[in-house]
Amino acid sequence: MESYEVAIIGGGSAGLAALKQLSNLGKQAILIEAGKKAGTKNVSGGILYSKKPKRGRAYNVEDVYGSVFLSDAPIERRITQYMLHATSGNKVFTMDLTAAHEYQANFGYSVLLGKLNSWFAKQAGESAEKQGGGIVSGVHVRSVSWQDGKTVIETDELEPFEAKAVIAADGVNSEIAEMTGARNKFTPEQLYQGVKVIVKMPEEIIEERFGIGQEDGAAHLYAGDVTLNHIGGGFLYTNRDTLSVGAVYHYDSLMQRPAEPYTLVNALLKNPMVAEFVKDEVAVKEEIDRNLPKEEQLRVRFAVSKLVKTWNELRDAYHSPSARKRLVEGGKYKSEEEIKARLDSVRSELEGKYRTKFVTDYVELEYAAKLVPDGKRCAMRKPYYKNILFIGDAAGRGVFIGPRIEGLNVGIDDAVRAANAVARAIDRNDFSSNSMGEHYSQMIEESPFTRDMKEIDKDYLKIFLDAAKDVPKDIIGQRYGMVFKLMSSGTLRGLAVGFANILGYDRLLPLVESEDTYVQVPIELAEKMGRPVAATYEPTLPTIAQRVAQLKYDDDRISHIKVLDHESEFMKKMVKLCPTNCYSMEDGEITLQHEACIECGTCAKETEWRHPRGEKGVNYQYG
Amino acid sequence: MSAKYEHLYVVIEHEDGKPVPVSLEMLGEARRLMNGFNKKYSANEKVVALVLGNNMRRLCEELIFYGADAVIYVDSPEFQYSRNLVDTKVISQVATNRELAKKFSDASNFIKPRYMFFAADNIGRQLSSTVLADLESGLASDINKLVIEDLEIKHEHKTKGQAVKYEKTLEMYRPDFSGFLWTTILCLDNRNPAIEREYHPQACSIIPGVFLPIERDTSRRGVITDYIPKFDERDLRVKVLDRKIVKSAVDFDSCKAIVSFGRGIKDSSEQNIKMVADLAQALEAEVGVSLPISKKPFAVSEGVSSTYMIPDRVIGTSGRKVAPLLYIAAGISGAMQHIAGMKESGFVVAINPDENSPIKDECDIFIKGRMEDVIPLLLEELRKQKPAIEVKK
Amino acid sequence: MSDLKIAVIVKLEPDFSEGNVSYNADGTLNRAETKSILGPHSAVASSAAFYAKVKYGARIAVTTMGPPIADTALQQAQLLCDADELHLYSDRMFAGADTLATAEVLKTGISKVEGGKMDIVFSGHRASDGETGQTGPQTAWKLGFTFLGNVIDYNVDMQNRVVRARRMISLQGFYDVIEEVEAPLPVFIAIDPSYKASFNTVSQRLAFEKYQKEAKERAQNYKQYLKIFNAQQLGVDPKLVGLPGSPTIVYKVERIPKAKASRKAEVVDGSSRDQIAKVAAKMYEVLGGMVIK
């Protein structure tokens, strides 16, 4: 049997950081990733932070990957505006939360996780190779077991192998956690469901639209009627030449009033302010005359497709300084004017010869969904089992405080702590839970993020309250009167937060994370103080079937999900809550069509849920 | 008087003691062509079936009933399974053996067959290629129409630009990859003095399911000639170690009904395919597709695409030939290639908005309408009427 | 144990995907407007060759016959198989060749590479622009190599210099067969589109990743590995290549005519529930075997 020092299971940003850190420490490690390549299974809302907490230290992405991260990594835009919008109908009330966004932060970049993780994988893989390790993708771990003092890992694809230590980074639906019994499956109260679409938009149009510089980015958050009465909110982040538009809702709230996840994204996209943000110029093909001979129909179809593709590519390039430069320097065009001239000629050919119309609408590139663990409610207290250390989502660790949502950086911080603990264990040749596991657990306790999952940070709260200082007291007072009074004054706040922290987050949460906070108060704010915003067009929202059709899958004919009870109340709700409509009700029984599954795990609680076999399942292009 | 190049040799494929369907189809077409040839040119030339096998004499007799004038039968345990290397060498030996040809004809000048047919399936395509490489002549693949004609050819290389008459030339028609065009391929001797060279046999591989076998006629008589092959020991080092039969994922043979769909799904492909699948389920039918669908021209979810838009389901010349009791063609215009695959069906219903589409000439009931409008109605009626039928039973 | 010597035959083909392909008004492919890429079957063949390189160690030469721009196909293939050499056989004299004349060029070329001592030659299943899978077997035959077609996976017994391969054979109208065959080297393998590499240990997979990275670097400087041969350099017999060496010609191209009517259809209004009800009844009748037509 082949034997390796460390096996990391899962090649998301946490697992990859663990691999990189172990390699930095000169240790051999292999990383097993089920997706075709690292990054194909990962989705994030879209912001990666680097933090500098006042107390304790955070291990950040640039600590792991070095300065090359900022100079070379495919990060999208540095977020310099962070706005919260309360919506009601066509009215919007806006608060500037940039200070909260910048709180204890070195930076926050919008990212597309598919691209970014594949860069992480390149860096980590190269370092790992030097230590005799590396990344093995397209392999799904089936089991971890202990035989004769050896830890044996079995996969669906390869011969079993041995590892002395295991780092489980297999995400919110961790199979390793479940099969070892290290933790229970998360429950709806502990989770948020996030759904996101990537919207195409040329680079310079983004800058003009959002009033940002070439390197800057904007983040917009939404609460109010766009939530359709659910606890949570919408977001819109600018990337280099795309936008991430999504909705994150408390799973428990969705269970109470089931709504199709895409309707929540649609509600956001229909909001006039968001609609105006995403709008672009779109080519609409003319229906082909069916009276033409078949081969002529085919020829026209292919000709139009080709021209539209050229127009899109050229237009994107024309609106991107770097691409423009490349085209001219590459000799394909003599000047920028020539690009423009070609762009115009393609357009007029489409309009004249093929009656293609150019309209105002928006273009979606990818639909995605993921569960987000709310660390306050579900972080593993001791994130280890035997010689397995759990990190990131797999350990239920994420910071989720009002508009502050951090997961990627928490996972990276965990990864460094786990890697350090494993390296220490290798040096001492002691992988026992008492030594390695406990040591890791202590290091996790020291993490500032662990503190954020347990206590209210009064300084953060102050920034938040300052931002809301223009909000009339009567709107807030009505609901949070006492709390608000306490929190508003500096001295009282210190006392109140101290008292609240004694009470514990779990007792306070229902007070704050409520419909009032996310729905009623914002609606009232918008109605009383909001400015009217009008949309100049009505966005054409794709159906869920169209969204699914756009995704790339390598379908596994064997379903990775088994429904345990075809009549349970929970499963009945999945008919609505599955983001890709995999469940349907037939004759009172729930049936599953797994082919469209995007592996979010929304249905995992009452199903036998596995990740698909290696290379199988969804293949995200953006993430 | 005997010619250098004579007869039409048909290389027979068989499996499990039975000829694969295309073998009989090739014999049928060979018979029809040579009947014409015998009348027009010479009665001396024959349809010769060539069989490599082990204990297959019964099959040889059958081949005569299905149109062969003569069968050359090569029996050896080495032919239990087809192996390209050994098979090619033996076929070449047989095809160039004058003594064998003399068993059923004058053949005093015989060098090689005039024409040669192979099956255009996995085995035949490869076998035809290697045999023709060995015989150093031309090959046209995937043919679905054949004509023998005297042609006047003017070709830069073949005839040095002069008009030259080529007698008894086999015109081999091949459907183009687009499905709209037909390319005629000829295998011609170089009559240009600078590059003079003779190319025989004129050979092709024939698409399964295109031609009809002739009616089995037990009164037909023919010569069965045995041939004992010469093996090169080294060639026998290629061994078949194991053979597993995998049932095709799509079973057209054992179902009574087939529902096929084509480009007509395009307006909402995902939903329409699901609707077709529902219809198939209601009728306990298998789902078929027209060739363009297997090229995945429409974006649908991967699950639907990998279940339905696959070559396994293609019905037509480049796919399967089917003959269920009931055939429903939904949104299929009825390209010739598709018709060839389903025309033997018992009862054909077409659903199509365009009354001018060729499928109208190939169906018993033509429902004029878009499938998205018709199928739900049809499904409703089928479900409504179903219990009544069961009661009757 | 010395490395295997491998050649891969690839082909530059039009990109038939929607958005890239373009047709003329007469239904023929508009080659000028359609970009060419490494054919999908050639790509699978290249990946299959790479498998041997990772697993057994191999020296790979990728070859193609085509116009000078066909070197892009070689580059794309190098990216997939980390080829050590790229050979382009390019000469006006080769134009218009049918499969037999093409096979002659490829045979001559491959015999020249490594002094003709190849262990395995790979090709794709077929080309997507008309060639129907003849070139592979014909080249194999001219080389005197055992031809194994429709191979879905393979392994080499280096000790005994024997290939074991699984082939997927589909017999139209019959069942499909998966056949396991054994053949002594040298062999010519035509790879089936459903080919899948069968790495089975972590270390093989790590090696695969490592070589793949090398391949990427090499393919960036592919011209360094590229050699172009014309007819004279190859030493082919001009009578056996190009148009003069092709037994077959394309005599004519025509539209496929409409088939004549063989059934008389009753036309039914798709929006009439009554009529559809009758059709449904007819369907059950047909299936019940009570009446056929």
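In this predicted model, helix 1 of chain A crosses helix 15 of chain A in a right-handed sense. Two packed helices are described by the angle between their axes and the distance between the axes. Here, helix 1 (residues 13-24) and helix 15 (residues 408-428) of chain A meet at an angle of about 35 degrees, and their axes lie 8 Å apart. On the helix 1 side, the contact is formed by Ser13(A), Ala14(A), Ala17(A), Ala18(A), Gln21(A) and Leu22(A). Helix 15 of chain A contributes residues including Leu408(A), Gly411(A), Ile412(A), Ala415(A) and Asn420(A). Sorted by class, this contact between helix 1 and helix 15 of chain A comprises 11 nonpolar and 4 polar residues, with no charged ones.

Turning to confidence, chain B has an average pLDDT of 90, and 96% of its residues score at least 70. Among the elements of chain B, strand 6 (residues 112-119) has the highest mean pLDDT, at 98, whereas helix 10 (residues 371-392) has the lowest, at 78. Over residues 388-393 of chain B, the pLDDT falls below 50, and this stretch makes 1 contact in the model beyond near neighbours in sequence. Where pLDDT is low, the predicted coordinates should not be read in detail.

Chain C, for its part, contains 7 helices and 13 strands. Its radius of gyration is 24 Å, well over the 19 Å that the globule rule gives for 293 residues, so chain C is more spread out than a compact globule. Along the principal axes, the C-alpha atoms of chain C fill a box of roughly 75 × 45 × 35 Å. Of the 293 residues of chain C, 58% count as buried. Among contacts in chain C between residues at least 6 apart in sequence, 72% link residues at least 24 apart.

Terms used
Residues numbered from 1 in each chain as written. Chains lettered and ligands numbered in written order. Predicted model: local features only at pLDDT ≥ 70, side-chain atom pairs only at ≥ 80, totals over all residues. Heavy atoms only, no water. Axes fitted to C-alpha atoms, helices over the stretch in contact; angles between N-to-C directions. Helix = DSSP H or I, 4+ residues; strand = E, 2+ residues; numbered from the N terminus. Left-handed = near helix turned anticlockwise from the far one by under 90°. Contact = heavy atoms within 4.5 Å. Nonpolar A, V, L, I, M, F, W, Y, C, P; charged D, E, K, R; others polar. pLDDT = per-residue confidence, 0-100. Rg over C-alpha atoms; globule rule 2.2 N^0.38 Å. Buried < 20%, exposed > 50% of the residue type's maximum accessible area, 1.4 Å probe, protein only.
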